[in-house]
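Thanks for coming. I will go through one model today, starting with helix packing and then moving on to domains and the chain contact.

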Amino acid sequence: MNTRNIVYFTIVFLLLAGVGLVQSWSVAFALLNLCLISSVMALGVNIQWGYAGLFSVGTMGFVALGGVATVVTSMPPVHDAIRAGGLGILAAMIVAVATVLIAARVWRRMAAGRNRTLAMTAILIGGFFLYRFIFDPAVARIEAVNPAGTGYLGGLGLPILFSWIVGGIFAAGAAWVIGKISLGLRSDYLAIATLGISEIIIAVIKNEDWLTRGVKNVNGIPRPTAYEVDLQASERFIANVDWLGLDLVSASSLYVKFSYAILFAIVLAIILWMSEKALKSPWGRMMRAIRDNEEAAEAMGKDVTRRHLQVFVLGSAVVGIAGAMLTSLDGLLTPGTYQPLRFTFLIWVMVIVGGSGNNWGSVLGGFLIWFLWIEVEPIGLWLMDLITSGMAEDSFLRDHLLGSAAHMRLLTMGVILLLVLRFSPRGLIPEK
Amino acid sequence: MADILNALVVLANFVIIPGIAYGSQLALGALGITLIYGILRFSNFAHGDSMAFGAMVVILVTWWLQSLGVSIHPLPTALLALPVGILVTCILLLGTDRIVYRFYRKAKAAPIILVMASLGVMFIMNGLVRFIIGPNNQQFADGARFIIRARDFKVMTGLDEGLTIKVSQGITVITAVAVVAALFWFLNRTRTGKSMRAFSDNEDLALLSGINPERVVMITWIIVAALATIAGTLYGIDKTFKPFIYFQLLLPMFAAAIVGGLGNPLGAIAGGFVIAFSEVTVTYAFKKVLIYLLPESLEPNTLFQLLSTDYKFAVSFSILVLVLLFRPTGIFRGQTI
């Protein structure tokens, strides 16, 4: 940490404090929480891009998988639904996995030729129909169980903090499959494949009601912190608030946001520490060597594709953890809110602006860009007010400009990305 | 016999005709991507939003024409507005090339940096479109709606099933054929087109034989702007205009370009139809077709739909994965760099 970096981070915290003073502390802490989560996501993307030069645009999918992990691990199980269709789902999954395994085995064992293609196609198609034959009725039975309240399998009822790790594992698993297919080919193929898989993951979450209730959303996901209602009933808390002379309701909501901030800061600190250690280890040097010159690294006996797979899985896991944190902060899983611009490209802007290859840079980028993303809207609205103040009250242009201020943020982010890429490609905190 | 005909009509109505229209739209989009890839050598993520931008200009001009009372009934007014849309999109794309991409081209930056710059351009275009026209659905199709109505078809043929062909579908196919024919004539017959192909095949050799790279790049952007505007407008007339949908078209278009072989225009067209037909067939419920074809005892009691329509991305993605696994250069052997 040199003086310049300290100045950067001080500016960020002054900005947040400014929001606290001008708007409210509740807004400032809400911002801080999302800044922390964004930083973790940016660290994950930085591991892929900054360490190894992998261009993955599927961040949204891995974030969403983290969200699914919170539901699957921490929601209470719905026993009726499990009795009704749990076995069916399990059997269907076994059929699906078995089909793929058998097909892969046939592909490897049989000699190349028309027979092999035919055999494999037959196995896959047969397997698919068998799977649907078992799967469809089970799903129908599960979704029939109290559709307004549950209509899904529920989760394992484990502590929510545990689900953050599960989120990482889910994302890592998906990343392994994608990586196996598209790494080792030309570099933009990974981008296109990850773009696809993230859309598919969202489609699955939206449509597989038995797993995530789809667009009906899952709410009431358990919290890792206290609840406002309990705090407001707790005598000790009331006494403390009285002693401080604060308003009980706002104090309880601040307390909850503050506890989240501490949890997120701990996770960020652990991941940051591990990333720094990894980057400075022989492993990190090898990664950077591969990134800077693949041929040379390969000539030195490094297995480039394998290393790429490794780093892709690791980065995605970090993004998955952040996704689980995000969902547990919201307390609900709303598949409709996963937008690629917000969850993929914004994170990329964070990494590029902060400084690709530098972990502290990613953290800074996460804070700064999230702050801008949120605050550009009020600023844009203010700007539009200023521009349109001279116009007539009922002017069409005035209404249109005021209504469109919300879209300023996309424009701003694009301009920032292009400017940084062009004039300061190493970012605010360049790689050492 | 009537049963088989009925089944065929149902199939044509719900699978073949929509598939052809959608395939033409995808093919035009994929052509744009593949041309950029062949000449400028990067995957242009802003292409979907270029389409949205072009379509948006066309819509604005269409509304203006409609307010003036200009009409070419039974054809949609949007066709009249197309040249303006192409012109404005041309200016935008040439402007972005001048401001953004040229710098990296001169610096011989890695392709992935260009891809990233195209992400930034995508952001800006996306913001621009939403800023000007808003993020919602826009209606701008007018003129006659149907070439053949289901009812007329039933009367004409005496079959139980009707066949509908929308004007938008007819226009899509005719325009697509005309555009593709013009493009291939240009690439294969004119001096400039030949220099473009030469540049795509071997840049160094093309430079040695005195081809001006900046001119080739400029003409590529002009063609891409025309393709993007036409594809965007056709998609908008046929389905609906919504900025976000154009972003989502990126995946099927990329899949089409890769399936056909990146950098190969013929492949992009074939790829477009492969993707479109797979999407439509896999997400169509075949129950109605099977009812006509199978004897009554075997009549299906399920929908016979392989995947729900929400999984159409999964279809383009699976095809993409299969191609990447078994034939990374695509069906028609595109470039591999």
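At what angle do helix α1 (residues 2-40) of chain B and helix α6 (residues 167-189) of chain B pack, and how far apart are their axes? Before the answer, the ground rules. This is a predicted model, where local features need pLDDT of at least 70 and side-chain atom pairs count only at pLDDT 80 or more, while totals for chains, interfaces and linings use all residues. Residues are numbered from 1 along each chain as its sequence is written, and chains are lettered from A and ligands numbered from 1 in the order in which they are written.

Now the answer: the angle is about 40°, and the axes are 9 Å apart. Therefore α1(B) is oblique to α6(B). Oblique here is what remains after under 35 degrees (roughly parallel), over 145 (roughly antiparallel) and 65 to 115 (roughly perpendicular). Axes are lines fitted to C-alpha atoms, for helices over the stretch in contact, and angles run from 0 to 180 degrees between N-to-C directions. Helices themselves are DSSP runs of H or I, at least four residues, numbered from the N terminus.

The crossing of α1(B) and α6(B) is left-handed, meaning that the near helix is turned anticlockwise from the far one by less than a right angle. On the α1(B) side the contact includes Ile17(B), Ile20(B) and Leu28(B), and on the α6(B) side Val173(B) and Val179(B) are among the residues. Contact means C-beta atoms, placed from the backbone, within 7 Å. By class, this contact has eight nonpolar, four polar and no charged residues. Nonpolar covers Ala, Val, Leu, Ile, Met, Phe, Trp, Tyr, Cys and Pro; charged covers Asp, Glu, Lys and Arg; the others, Gly among them, are polar.

Next, a pair in chain A. α15(A) and α18(A) pack at about 35°, with axes 9 Å apart, and their crossing is left-handed. Residues of α15(A), including Leu346(A) and Ile352(A), meet residues of α18(A), including Met413(A) and Leu417(A). That contact has eleven nonpolar residues, no polar and no charged.

On to domains. Chain A is assigned domain 1 (3-77 + 154-388 + 395-423) and domain 2 (78-153), with bounds from an automatic or database domain assignment. Their centres, taken over C-alpha atoms, are 33 Å apart. Seven residues of domain 1 and twelve of domain 2 make the contact.

Last, the two chains. Their contact takes 33 residues from chain A and 35 residues from chain B. On the chain A side, α6, α7, α15 and α18 each supply at least two residues. α7(A) gives the most, with 14 residues. That side has 21 nonpolar, seven polar and five charged residues.

Key: Contact = placed C-beta atoms within 7 Å.
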